[in-house]
Amino acid sequence: MLKGAMKRYFLRLFLFSIPVFLYVLVIVVVDPYNFLNVSHIISDKDKFTVIQRTDESSPRGNILWKTIEFRRNPCKKVIIGDSQGKDIDVDLIKEITGDQYYNFCFPGASFRTMFETFWFTAEHAELETVYFQVAFMNYNAEREYDIFHFAMDYFDKPVNYFTTKEIFFDAVANLAWVTTRNPWIVQRSYEFLPADRMEDVAQFRLNLFFSKYAYPTKYAAEFRKIISYCNKKNIKLVFFILPVYEGVDKHLQKTGLTDEKARFKQDIHALGKTIDLDLLTDIKANRDNFFDYFHPNKTMMDSLVRKIWVKEEVVK
């Protein structure tokens, strides 16, 4: 009787463990962020493509991917910023300067996230050069949040890589992408919307960024800490502001935030060397230079990279 009960118990335990085993196996084999770094049956290019698939997966995915990659292969020259700078081509910069940079610009990054990113890079590399891409759209105390935890949650508690549903969904999306090559899987972000829908998104984001505004009094102290560290370590520090479509400035004028944007630029210039490409009115006037109101398209971004790293002029 006892033997029969034990057999049934172990059979149930075995049957229960099968889905758990398969779940863990999927995470280990796919390893959507190379966190475990033991299986590479899916290429890094495919994994990074899957990360960009939606507006939800892109911010958390880029942060986790890039921090893992940077910890494994630190770089002495970095670019830190938000979604405006995420398409900066470091291969183009290397072609221009001969120097290897790492692009640490994240979709959805706030200034708080960028501060955290700086200290993360300083902890893991002997920094020589730091370029800070900054934007008025996030220079707002009403947008005081930090998404760097999307990386630290896993570094602090690695078991989360197996217990967080998002990682499993990412693994499944990877499998779906490499087995079907269905564009729908990787093209559900707003970046892939048709032109008419993009205008709706632009208006939504204008309201999202600027419907509430409060001057961020805490940021100056955070920047002073970074500047002090860079001076002490002899790290070159440069700030740059990318252009936005002129429709953003018209919206700011309409909502009474023009002076606040001017104050933002004054604050950044006061920090140190600043390259202000938002003064290039001919670029700002052409809607075709941007895929939405805030983000230069690939062709324009490459042109802006050349302006920064070839001339490195302080535009005033």
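Asn-37 is placed in the loop between H1 and H2, where helices are DSSP runs of H or I with at least four residues and strands are runs of E with at least two, numbered from the N terminus. The model is predicted, so local features need pLDDT of at least 70 and side-chain atom pairs count only at pLDDT 80 or more, while totals for chains, interfaces and linings use all residues. Residues are numbered from 1 along each chain as its sequence is written, and side-chain values use heavy atoms, with hydrogens and water left out.

Although not a glycine, Asn-37 has a positive phi of about 60 degrees. Asn-34, likewise not a glycine, has a positive phi of about 55 degrees and is found in the loop between H1 and helix H2 (44–51). Most residues other than glycine have a negative phi. Asn-34 is buried at a relative accessible area of 7%, whereas Asn-37 is partly exposed at 33% (buried means under 20%, exposed over 50%, partly exposed in between, with a 1.4 Å probe and protein chains only).

Helix H1 (residues 2–30) also contains Leu-22, which counts as partly exposed because its relative accessibility is 45%.

The strands come next. Strand S1 (residues 77–81) pairs with S2 in the parallel sense over four bridges, pairing being assigned if DSSP finds at least two bridges between two strands. Within this pairing, Ile-80 stands opposite Phe-104 in S2. Strand S2 (residues 102–105) is covered on both faces: Tyr-102 and Phe-104 are buried on one side, and Asn-103 and Cys-105 are buried on the other.
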